[in-house]
Amino acid sequence: MLIYVESKAFPSKTFTLVCNPHETVARARAQMLHILFELGRAEHQFRFRFKGEYLRDGYTFEDYRIQDNSVIKMVPMSKRKRGSYATVFGQEQSTQDVAGADEHVFSSRAILLGQEELDDVQKALRKEINIFERRETFLGNFKVLLWIHFLATVLSFTTIYWFSSFWTGALMLFGFLYCPNYTRLGGFVGKHGMNKNTFVIAFAGGGIMNVTASLLMGIYAFECDNEESTCLRKKEQMYWSITFYLGQAFFLVCSVLICAILFHNFKTEVGDLIETHLVQIRDIDKVMKSAKTGSMKERRGAAFELASLAATGDDTKFRIVQEGGLPALMNLCLSQDQATQEYAIEAISELLTVPVIQDQFVELGGVRTMCALLHSKENRVVNEAVTALSYIVSDSEANRQVVIGENGLEDLCYVAERIQVPASRILAAIFLELVFTAEIRVMLSQQSAPATSLVHLCKLRDAETQRLALQTLELLAIENSDVIITHDSLLELLLSLPNLTDDEQLFLLAGKIILYYAESELACQKLVEAENLKFCLMELAYSLDPLLQNVVAKIILAMIDSHENKDEIAELGLDEVLIHIRNESADRDAWRMADHGLMILHNVKQTTDSNKSKSLATDLPTKKAL
């Protein structure tokens, strides 16, 4: 698939990478390093970002659901003012310093040529470049040898064994037709690059057979004792044949050796050497030392490398923890440097995927740190903090109690007012995990702030966020329905859902919560006064889900029981909803409730009509008397 890379450092360029979905982000970064090398601005300290999320080197494009023709951003790790840099040939080009400029720039190609100390990634990059340059050189030499074999094919007609030209020509023709074309800048060109290994194996096999034949024909000579001119000419032709076939054998041996070298060279692809160093650049001991005692720039780099290391596997995560990584990362999370904060919280989020590490993190007071980061002005920091808290509350009931004890509920309610999709889904899942604990559910049902936050999450118009938030509200309503029915905006949202989505799961959750409004006398009046009540219930009744139809019938019956003015209920036209349920429902309970509701509404209408008739009969004599 094709991935397009954009960067503010190159406003007039869009880079194209050819990747596979199962390849890691590190391999794509390796391709980008080769491109930057050609531009004279190679530097490994940059990251990719997709839809506001930084991509970790150890993860694949499939993990991030990055599809073909996606556009990702290239963001260098550090910022510095533009200065002078050396050219490819070591000459310095002076550039004017821009006052106040704060652009992302990359190290010069001169760094890669040895003018500064090379780190592991740059060494790997230079090694890969040397391999690809040798590949291009050897393929060029191989094609020169093919022309020599063409000349040998022509000259073989002048030897004693003229018929050898047939197999020499066949090998030469095979080489010309199927030899792959390669340049270091463009890579393999043409369809033959797909079968490059098969080609070198086949050519080497044919070359070995030709070498054997040439040696035999060069060594073997017939006897001619006569001094006749014919015999002398044959001797001259024999000497020429011996020289020719031994020389041809030499060039064939050279071709076979080049095939062997190319076969080994073809094993190296772009990123094979760089990928390992990008995922794990330095030893954990050195990284931890930089994280604890380094300068601001060193700590930023250490936080970045810890985030990359944590993504490589559980063994590395445990090593980071054993080296005191959790306290160090917690300190980095509170750094004044935004980039350091982002990388540190990413590393913590990755470490917390292991339950054992979660417990250690909670014991060190990490929950308080994460809750503090929820007040950050940077959305990426907030999103990662929410992710870290989701890991903490998902696997341990004790950890949920710790989050509540650290006043985490207030922080979660605060961030719910300003969080956006997709982090809102994680936040809604945290609330749902919390209410699964009975004690916490009772406590939340007695406060209005959690319900208000959940209502705000429902307004984000994201189906997954709404589903999780409505599930949480339903559980809170089971404990205390009063905390839910006081929210008029929630009722408006629930009644408008049929206009916004076709998700029947959301319809069912909305119907269950509307039922609590219908069962309350005060809230039922709000329900009766809603303009789109009939439309909403009819849309829910159109569902083929018998459970949802059952809920709709319960809502109407609850409204009839709760509301004092039955006539007002009858005038809403809800009998049409009940008729539809009775005619279409396959659920017996739903049918019975719909039939019962129709009987009540029918009786109410009959009573109303008779009262009107009596009133008219009473009014007529009075009018005549007047």
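A salt bridge here is a side-chain nitrogen of Lys or Arg within 4 Å of a carboxyl oxygen of Asp or Glu. With that in hand, look at R27, D272 and E275: salt bridges link these residues in a network. Keep in mind that this is a predicted model. In total, the structure holds 19 salt bridges.

Here are three of the pairs.

| Pair | Closest N and O atoms |
|---|---|
| R184 and E38 | 2.5 Å |
| R400 and E433 | 3.2 Å |
| D314 and K317 | 3.6 Å |

Start with R184 and E38, whose closest N and O atoms are 2.5 Å apart. R184 sits in the loop between β8 (181-183) and β9 (187-189), while E38 belongs to helix α1 (residues 25-38), so the pair ties together parts that are 146 residues apart in sequence. As for burial, R184 has a relative accessible area of 18% and is buried, whereas E38, with 30%, is partly exposed.

Next up is the salt bridge between R400 and E433. This pair also links distant parts of the chain, with R400 in helix α16 (residues 397-405) and E433 in helix α18 (residues 423-435), 33 residues apart. R400 is buried at 10% relative accessibility; E433 comes in at 22% and counts as partly exposed.

Then there's D314 with K317, a salt bridge inside one helix. The two residues are 3 apart in helix α10 (residues 314-322), which means about one helical turn separates them. K317 is buried, at 6% relative accessibility, and D314 is partly exposed, at 42%.

Terms used: Residues numbered from 1 in each chain as written. Predicted model: local features only at pLDDT ≥ 70, side-chain atom pairs only at ≥ 80, totals over all residues. Heavy atoms only, no water. Helix = DSSP H or I, 4+ residues; strand = E, 2+ residues; numbered from the N terminus. Buried < 20%, exposed > 50% of the residue type's maximum accessible area, 1.4 Å probe, protein only.
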